[in-house]
Amino acid sequence: MRKIVAGLFVSLDGVVQDPHTWHFPYFDDAMGAAVGALMEGSDVMLLGRTTYDGFAEYWPKSEDEFAAVMNGKRKVVVSSTLQDPTWENTEVVRDLDELAALKAEPGKNLGITGSVVLVRSLLRAGLLDELHLLIHPIVVGHGQRLFDDGETVPLTLVSSETFKTGVLNVVYAPAPAPAEA
């Protein structure tokens, strides 16, 4: 069975918004390899509506060398409002229950980039299998944070690595709830 795997750039204070404004000084070959491995491990890009709108505006017009990969990959948007997706290879699912069927399909992982609200929803619903965080040694001080107020979700550390730039590459998976004392 496929996994749903999310990968996010995050600051020490939990900011995930607009990483293009703060993360590039920390980007190196090691981070590139980690991001590349995540991309290679998935054959479906799972997106929330806001991230879809931004990507669908940018990538079809881009001349970036990565545009062909982004445009050619199968995309699934979780949205109750998106009616007619215009970005090639895009389909819409209306609720989280439909993701169970996608996970049962043959293939590689379902990969999430950005889409913080979707990541939170999947984590709370028990549908997120891995959370890959590239934690940058910077306090951004403003912007959307990865976690907001909500229920407690126990996680277990699967792996960790420190890059020369001070970025921590950590992978978490759902953990059983701790026993009450």
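**View 1. Surroundings of Leu133 in the predicted model.** Apart from neighbours within four places in sequence, Leu133 is in contact with Leu8, Val10, Leu146, Leu168, Asn169, Val170 and Tyr172, where contact means heavy atoms within 4.5 Å. This is a predicted model, in which local features need pLDDT of at least 70 and side-chain atom pairs count only at pLDDT 80 or more, while totals for chains, interfaces and linings use all residues. Residues are numbered from 1 along each chain as its sequence is written, and side-chain values use heavy atoms, with hydrogens and water left out.

**View 2. The largest nonpolar core.** A nonpolar core is a set of buried Ala, Val, Leu, Ile, Met, Phe, Trp, Tyr and Cys residues joined through side-chain atoms within 4.5 Å; buried means under 20% relative accessible area with a 1.4 Å probe, protein chains only. The largest core holds 26 residues, of which Ile4, Leu46, Leu99, Ile112, Leu122, Leu128 and Leu133 touch the most other members. Two or more residues come from each of β1 (4–11), β2 (42–48), β3 (74–78), α4 (97–104), β5 (109–113), α5 (116–125) and β6 (130–136). The greatest share, five residues, is given by α5. Helices (H or I, at least four residues) and strands (E, at least two) are DSSP runs, numbered from the N terminus.

**View 3. The second core.** Eleven residues form a separate core, including Met45, Ala67, Met70 and Val77.

View 4. The protein chain has five helices and eight strands, in the order β-α-β-α-α-β-β-α-β-α-β-β-β from the N terminus. Of its 181 residues, 40% count as buried.

Notes. Buried means under 20% relative accessible area, exposed over 50%, partly exposed in between (1.4 Å probe, protein chains only).
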